[in-house]
Number of protein chains: 2
Amino acid sequence: DFTSQHWECQSCELAVRGFAGSHVIVSLQGIVQAYKSGITLQGNTTSLGRWNFSGSFFFSISAITTIGYGNLSPSTVAGRIFCILFALFGIPLNLVLLNEIGQLMLLGTQHCAHRLEEVFHGQKKASLLIKTCALVTGLLLFLLLPPLLFSDKEGWSYEEGFYYSFITLSTIGFGDYVIGMNPDRTYPGWYKNVISLWILFGMAWLALVIKFCISFLE
Amino acid sequence: DFTSQHWECQSCELAVRGFAGSHVIVSLQGIVQAYKSGITLQGNTTSLGRWNFSGSFFFSISAITTIGYGNLSPSTVAGRIFCILFALFGIPLNLVLLNEIGQLMLLGTQHCAHRLEEVFHGQKKASLLIKTCALVTGLLLFLLLPPLLFSDKEGWSYEEGFYYSFITLSTIGFGDYVIGMNPDRTYPGWYKNVISLWILFGMAWLALVIKFCISFLE
């Protein structure tokens with residue numbers, strides 16, 4: 001059982017019989033190093049695990065939203081310094097954007113609340129109804145329905161997709177699950193853009209929910 | 001060169017000559033799977049990479065602060081559901097705590113500002129001086145001095161330690177650098193506690209700085 005025992009060797013060397021029949025010496029650390037630098041075990045490439053345009057774009061989003069999956073990270077000194085400067089300006093700018101999106105969402109629900117007030121002729125009833133509606137719509141759009149998309153496109157179970165959704169929108173971003181990383185699957189072009197929008201609007205929504213929770217706690 | 005080429009095989013099997021002289025068949029995917037489940041290549045154990053008390057404590061901090069290094073992550077359904085519930089209550093509670101720490105820091109600087117006003121007899125001069133002092137002290141305590149500790153305890157370069165400090169306090173937490181993960185080093189008992197306090201106070205300080213930046217932007 002390979003996963004349940006410690007590896008006693010400092011830098012084990014393995015004799016690999018390659019496709020040409022000759023022996024190649026590789027080290028366990030080399031394999032893990034190669035894995036960490038984004039090389040997958042399969043030959044087919046995925047866009048989000050490499051430093052091409054879409055992979056770098058996804059890295060930028062993961063940095064400024066502070067999700068930080070870590071499937072890609074800068075490995076050179078210049079890259080790290082640029083990443084710090086990029087995040088230093090990107091994080092506040094993204095927070096301003098999230099704040100604007102959150103304000104728009106609040107304005108939208110308040111607009112609906114005013115309309116409902118006219119219908120129901122009761123302010124308290126309408127306010128409670130609209131708050132429940134906003135919460136349920138947000139839950140559906142940002143937490144309960146996306147796992148269905150993930151199970152279709154990534155082959156994850158519903159529970160894995162829900163876990164990924166929560167870990168992403170709360171900006172924890174462990175990086176144990178990252179979309180677009182399965183080299184055996186082909187992803188449609190709109191998939192990445194929809195996920196980017198889902199992250200932005202979902203984070204703004206969850207920030208609003210957390211703000212309400214904090215105002216209850218204080 | 002192992003790290004610069006794609007691995008063409010789906011699940012390569014390697015013949016490993018073990019310490020007893022017999023051949024063992026392992027797969028590349030098995031090695032990566034073992035690496036992902038927190039098993040290091042060295043025999044000596046580090047506390048923060050395993051699910052013992054200090055490792056789990058560090059995982060809890062990484063979850064509720066939304067840093068999410070990902071050096072440890074739950075792998076069972078029950079573990080993931082508990083992690084979601086834990087973060088759902090932990091993140092707002094931690095935000096309340098960070099807010100309190102931030103308020104204490106603001107009160108401290110305002111107290112100093114009032115004292116300085118009496119000395120300088122000028123409100124604007126004192127206010128500017130105390131803001132600069134608070135910024136420089138924060139920079140020193142939370143970003144410029146910790147890399148020296150990391151280079152001593154982890155063997156990182158100053159630049160690597162500074163990168164780790166920024167990526168941690170901004171809660172990005174890629175997980176490419178995590179403290180206490182080098183099995184070749186012994187870490188003193190106070191090290192982990194000091195890092196925990198540094199994360200809490202540093203995050204509160206950086207949140208204040210980002211708030212000021214946003215108020216300038218808006």
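This is a predicted model: local features need pLDDT of at least 70, side-chain atom pairs count only at pLDDT 80 or more; totals for chains, interfaces and linings use all residues.
Axes here are lines fitted to C-alpha atoms, for helices over the stretch in contact, and angles run from 0 to 180 degrees between N-to-C directions. Helices (H or I, at least four residues) and strands (E, at least two) are DSSP runs, numbered from the N terminus. On the chain A side, I210(A), I214(A) and L217(A) of α7(A) meet I91(B), P92(B), L93(B), L95(B) and V96(B) of α3(B), where contact means heavy atoms within 4.5 Å. Sorted by class, this contact of α7(A) with α3(B) has eight nonpolar, no polar and no charged residues. For these classes, Ala, Val, Leu, Ile, Met, Phe, Trp, Tyr, Cys and Pro count as nonpolar, Asp, Glu, Lys and Arg as charged, and the others, Gly among them, as polar.

Residues are numbered from 1 along each chain as its sequence is written, and chains are lettered from A and ligands numbered from 1 in the order in which they are written. Local features need pLDDT of at least 70 and side-chain atom pairs count only at pLDDT 80 or more, while totals for chains, interfaces and linings use all residues; side-chain values use heavy atoms, with hydrogens and water left out.

Turning to chain A as a whole, the chain has seven helices and two strands, which run β-β-α-α-α-α-α-α-α from the N terminus on. Of its 218 residues, 42% are buried, with buried meaning under 20% relative accessible area, exposed over 50% and partly exposed in between (1.4 Å probe, protein chains only). Among contacts in chain A between residues at least 6 apart in sequence, 54% join residues at least 24 apart. Chain A exposes about 11700 Å², and carbon and sulfur atoms supply 66% of that area; accessible areas come from the Shrake-Rupley method with a 1.4 Å probe, and for residues only the protein chains shown count as cover.

Within chain A, the axes of helix α4 (residues 123–144) and helix α6 (residues 158–169) come within 9 Å and cross at roughly 105 degrees. That angle makes α4(A) roughly perpendicular to α6(A). F142(A), L143(A) and L144(A) of α4(A) make the contact with Y158(A), F162(A), S165(A), F166(A) and L169(A) of α6(A). These residues divide into seven nonpolar, one polar and no charged. Back in helix α7 of chain A sits S196(A), which counts as buried at 14% relative accessibility. Leaving aside neighbours within four places in sequence, S196(A) is in contact with F57(A) and I61(A).

In chain B, helix α5 (residues 146–153) and α7(B) pack at an angle of about 155 degrees, with their axes 13 Å apart. This makes α5(B) roughly antiparallel to α7(B), and their crossing is left-handed. The α5(B) side of the contact consists of P146(B), L149(B), F150(B) and K153(B), and the α7(B) side of W190(B), Y191(B), I195(B) and W198(B). By class, the contact of α5(B) with α7(B) has seven nonpolar, no polar and one charged. Helix α7 (residues 189–217) of chain B also holds K192(B), which is partly exposed, with a relative accessible area of 25%. Not counting residues up to four places away in sequence, K192(B) touches L48(B) and S54(B). K192(B) and L48(B) are 144 residues apart in sequence, yet their C-alpha atoms are 9.3 Å apart in space.

Most residues other than glycine have a negative phi. T171(A), however, has a positive phi near 65 degrees; this residue is found in the loop between α6 and α7 of chain A and counts as buried at 10% relative accessibility. In chain B, T66(B) has a positive phi of about 60 degrees although it is not a glycine. T66(B) is placed in the loop between α2 (53–64) and α3 of chain B and is buried, with a relative accessible area of 9%.

Technical notes
Angles under 35 degrees count as roughly parallel, over 145 as roughly antiparallel, 65 to 115 as roughly perpendicular and the rest as oblique. A crossing is left-handed if the near helix is turned anticlockwise from the far one by less than a right angle, and right-handed if clockwise.
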